[in-house]
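Hello,

Here is the structure we spoke about. Please open it first, then read my notes below.

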Amino acid sequence: MLDKIGIAKRLAKELKDGYYVNLGIGIPTLVANYVPEGIAVEFQSENGVLGMGPFPFEGEEDADVINAGKQTITTLAGASFFDSALSFSMIRGKHVHLTILGAMEVAENGDIANWKIPGKMVKGMGGAMDLVASAENIIVAMMHTNKNGESKLLKRCTLPLTGVGCIKKIVTNLAVLEVTSNGFKLLEKAPGVSVDDIKKATEGTLLVEGDIPEIVF
Amino acid sequence: MINKEVSNVQKALFGITDHMTLMLGGFGLSGIPENAISELVRLGVKNLTCISNNAGVDDFGLGLLLQKKQIKKMISSYVGENDEFERQMLSGELEVELIPQGTLAERCKAAQGGFPAFYTPAGYGTEVAEGKETREFEGKMYVLEHAFKSDFSFVKAWKGDVAGNLIFKGTSRNFNPCMCGASKITVAEVEELVPAGTLDPNQIHIPGIFVQRIFQGTHYEKRIEQRTVRQKV
């Protein structure tokens, strides 16, 4: 089974040279720490920065330079700042190549829910609806099951949707899966996890074809 | 040169009344119009509709207006990190309209630029699109969203001149430029107000035509919501 760092390391393998990438809050943010050697990528934060760098050293924080999670950040050479409308032009206009975000539920038809639990939690969608409605390459990073042990990979989402039919790939603590027209296709399994374990943790249709390789970093 | 300078925040907010709709710049606590918010609290205007990406935290930003129950309705994309907000929303005291962040920015821009409405893919197939016109373009579905209509925009810039030209800093730019000229009156507060001719026209982010009043802000706290650092090795 992977921990959050393991999920981030596996996700980092999805980065390609020349990619502009938007990372969501939580596990996706960690991906920036594991960019493969020898490739150039730039991270976009939807509050208005391209070329995001690591967190600042203590004493060097700037209230005017934050990411979408409101954390203080730094910028790298070649960075730029811009307003919120231009930021979402980058996103809706498909100039951002890869989006990695978290989810509460993903359905086998590619629907995603991640912004609201009616009556319990209403924080809002932030930029997630714009991101999932536009990006062609969207990967969800999440735990395979919720805190109650219930599957987050479902036949149909039960929570209010963030986007419809938009998710292509999912990386969890147990597996890497692709969303196909017939269900979740198992691509890779985490170290120490069996195909049976993944089946048990997946409520939606799980497609297993041939030998499933183990995730390598 | 048309001079937009007003001498203080009181004059800048002249004409504000109950039941108005306001746009307020900022992302989290970054780039919020701190002086205008303090003055709104002091004036005690009520039943306001506030268009702002976030709702501040309990004791800062728009949270100060929420504490005094001055806000009737919030139009935002993300409202976490605020207990009083959540309490008022769940009890029904506060009306809340949550909309996608890019749609929020573009509804401001539409008001600024004279578009009555536009189509966006964001929110299609979700409850955000309920009751809204949808249309297919080249095989993909879009939702019709309308320009905002508001009375005042309160924005905060880094530098400005008395002609109303504005320059923003870092990510505190965010929604501020989109809200300039998007209301009947735009009020800009700046950390540094300079005479006309001081700023390089090549470096202006928002031309003064979009700003009706500008004033030198004071006592900026610029609070950091999530101070995150790394250790020196």
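Which backbone oxygen lies 2.9 Å from a polar atom of the side chain of Arg213(B)? It is the backbone oxygen of Phe14(B). Keep in mind that this is a predicted model.

Arg213(B) sits in strand E11 of chain B, residues 213-216. Arg213(B) is buried, yet it has no salt bridge. A salt bridge would need a carboxyl oxygen within 4 Å of a side-chain nitrogen. The nearest side chain of opposite charge belongs to Glu39(B), and that is 10 Å away. Leaving aside residues up to four places away in sequence, Arg213(B) touches several others, among them Lys4(B), Lys11(B), Phe14(B), Phe152(B) and Ile185(B).

Now helix H4 of chain B, residues 83-90. Its buried residues are Glu84(B), Phe85(B), Gln88(B) and Met89(B). Viewed down the axis of H4(B), they fall within an arc of 130°, so they line one face of the helix. The face turned away from that buried side carries the exposed residues Asp83(B) and Leu90(B).

What covers the buried residues of H4(B)? The cover includes helix H3 (63-67), strand E3 (71-76) and strand E4 (95-98) of chain B. Strand E9 (121-122) of chain A is part of it too.

Asn82(B) caps the N-terminal end of H4(B). One of its side-chain oxygens lies 3.4 Å from the backbone nitrogen of Glu84(B). Just after H4(B), Gly92(B) takes a positive phi of about 85°.

Best wishes

Definitions and conventions:
Residues numbered from 1 in each chain as written. Chains lettered and ligands numbered in written order. Predicted model: local features only at pLDDT ≥ 70, side-chain atom pairs only at ≥ 80, totals over all residues. Heavy atoms only, no water. Buried < 20%, exposed > 50% of the residue type's maximum accessible area, 1.4 Å probe, protein only. Helix = DSSP H or I, 4+ residues; strand = E, 2+ residues; numbered from the N terminus. Arc of directions from axis to C-beta. Contact = heavy atoms within 4.5 Å. Polar contact = N/O pair within 3.5 Å; in protein donor to acceptor, adjacent residues only side chain to side chain. Lys, Arg positive; Asp, Glu negative; His and termini not counted.
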